[in-house]
Amino acid sequence: MLIIGNVLAAIVALIHVYIAVLEMFLWTKPQGRKAFGLTPEFAEQTKVLGLNQGLYNGFLAAGLIWGLLGGGFAAIVFFLICVAVAGIVGAVTASRRIIYVQTVPAVLALIPTLLAH
């Protein structure tokens with residue numbers, strides 16, 4: 001169970017690295033606009049918000065990576081819960097799709113992680 005939980009937590013971390021890159025560096029580019037359904041004008045007007053969101057997603061990824069590389073069980077559980085809650089808030093406030101991109105993978109990683117301890 002521990003290996004499964006760690007692999008799934010690593011996947012969640014990679015998802016958040018990707019989201020951070022999209023938000024921080026590609027927000028106004030075609031790939032970023034397509035991912036978030038933004039018009040060129042809106043993307044340009046909100047690029048600072050994208051950068052801020054990306055930074056938070058980068059922190060989530062960094063926390064999970066830290067947990068996997070030695071921060072331990074408590075760090076992994078904490079950051080997976082943070083990701084799951086962020087996904088719920090995003091689904092309620094921005095797009096339902098976020099629950100599938102953030103919350104579901106985090107919960108799927110959390111289950112074997114908790115069962116392993």
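Start by selecting helix α1 (residues 2–25) and helix α6 (residues 97–115): they pack at an angle of about 155°, with axes 7 Å apart. Helices here are DSSP runs (H or I, at least four residues), numbered from the N terminus. The axes are lines fitted to C-alpha atoms over the stretch in contact, and angles run from 0 to 180 degrees between N-to-C directions. α1 and α6 are therefore roughly antiparallel to each other, a term used for angles over 145 degrees.

Before you go on, a word on the model. It is predicted, so to speak of local features pLDDT must be at least 70, and side-chain atom pairs count only at pLDDT 80 or more, while totals for chains, interfaces and linings use all residues. Residues are numbered from 1 along each chain as its sequence is written, and side-chain values use heavy atoms, with hydrogens and water left out.

Now show the side chains between α1 and α6. From α1, the contact includes Ile4, Leu8, Val12 and Ile19; from α6, Val101, Pro105, Leu108 and Pro112 are among the partners. Contact means heavy atoms within 4.5 Å. The residues of this contact divide into 12 nonpolar, 4 polar and no charged. Nonpolar covers Ala, Val, Leu, Ile, Met, Phe, Trp, Tyr, Cys and Pro; charged covers Asp, Glu, Lys and Arg; the others, Gly among them, are polar.

The axes of α4 and α5 come within 8 Å and cross at roughly 160°, which makes α4 roughly antiparallel to α5. Look for Phe59, Leu64 and Trp66 in α4, which are among the residues meeting α5, where Phe79 and Cys82 take part.

Finish at the largest pocket, with a volume of about 800 Å³. A pocket is an open set of points on a 1 Å grid, where a 1.4 Å probe fits, with protein on both sides within 12 Å along at least five of seven lines; lining residues have an atom within 4 Å of a point. The volume is the space filled by probe spheres set on the points. Select Ile19, Glu23, Phe36, Gln53 and Ile98, the closest to its centre of the 27 lining residues. α4 gives the most to the lining, with 6 residues.

Methods
Helix = DSSP H or I, 4+ residues; strand = E, 2+ residues; numbered from the N terminus. Parallel < 35°, antiparallel > 145°, perpendicular 65-115°, else oblique.
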